[in-house]
Amino acid sequence: ERNPFYFEGIDAQDKTTHFTGVGSPHTGLNYIWPMSLIIRAITSDDDDEIADCLDQLKVSSAGTGFMHESFYHTDPSEYSRSWFAWANSLFGEMVLKVAAERPHLILKQ
């Protein structure tokens with residue numbers, strides 16, 4: 001709460017996804033970095049928190065299949081950088097880590 005670049009919002013389209021994350025001055029107020037969600041998932045040891053991050057990341061891609069630099073906290077279709085290699089690479093690292101350590105969160109049996 002003390003971080004002025006911590007944002008929360010409910011997706012205005014699906015009305016269920018609760019976005020929470022950190023942004024920056026350069027992407028503007030109310031824009032969340034997917035990388036903040038990725039790092040939270042990588043560093044968490046809580047299955048529910050990791051699953052929540054995965055859900056937020058899926059919705060935040062706005063159907064593009066890519067991670068963006070940032071997305072608006074209530075409308076992930078408003079995003080910066082349609083292709084952001086840093087976020088996409090970090091996302092790949094997270095998927096590999098979750099698949100190795102907690103496959104039940106992403107692999108269907």
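## A partly exposed aspartate

Asp46 is partly exposed, because its relative accessible area is 35% (buried means under 20%, exposed over 50% and partly exposed in between, with a 1.4 Å probe and protein chains only). Asp46 sits in the loop between α1 (34-43) and α2 (47-60). Helices (H or I, at least four residues) and strands (E, at least two) are DSSP runs, numbered from the N terminus.

Asp46 also belongs to a surface patch of negative charge, together with Asp45, Asp48, Asp52 and Asp55. Patch members have over 30% relative accessible area and no salt bridge, and like charges are joined within 9 Å. A salt bridge here is a side-chain nitrogen of Lys or Arg within 4 Å of a carboxyl oxygen of Asp or Glu. For Asp, the place of the charge is taken as CG.

## How to read this model

This is a predicted model, where local features need pLDDT of at least 70 and side-chain atom pairs count only at pLDDT 80 or more, while totals for chains, interfaces and linings use all residues. Residues are numbered from 1 along each chain as its sequence is written, and side-chain values use heavy atoms, with hydrogens and water left out.

## The pair β1 and β2

Let's turn to the strands. β1 (residues 6-10) and β2 (residues 18-22) run antiparallel and are joined by 5 bridges; two strands pair if DSSP finds at least two bridges between them. Within this pair, Phe7 stands opposite Gly21 in β2.

## The open sheet

Another set of strands forms an open sheet: 3 strands in the order β3-β4-β5, with antiparallel pairing. Its edge strands are β3 (31-32) and β5 (75-80), each pairing on one side only.

β4 (residues 70-72) pairs with β5 in the antiparallel sense over 3 bridges. Ser70 has Ser80 in β5 as its bridge partner.

## Two loop residues with positive phi

Asn30 lies in the loop between β2 and β3. Its phi is near 75°, a positive value in a residue other than glycine. Asn30 counts as partly exposed because its relative accessibility is 27%.

Ala62 is found in the loop between α2 and β4. The phi of Ala62 is near 55°, again positive in a residue other than glycine. With 31% relative accessibility, Ala62 counts as partly exposed.

Terms used:
Patch = residues over 30% accessible without salt bridge, like charges linked within 9 Å, V, L, I, M, F, W, Y side chains within 5 Å. Areas by Shrake-Rupley, 256 points an atom, 1.4 Å probe, with all protein chains shown as cover. Lys, Arg positive; Asp, Glu negative; His and termini not counted.
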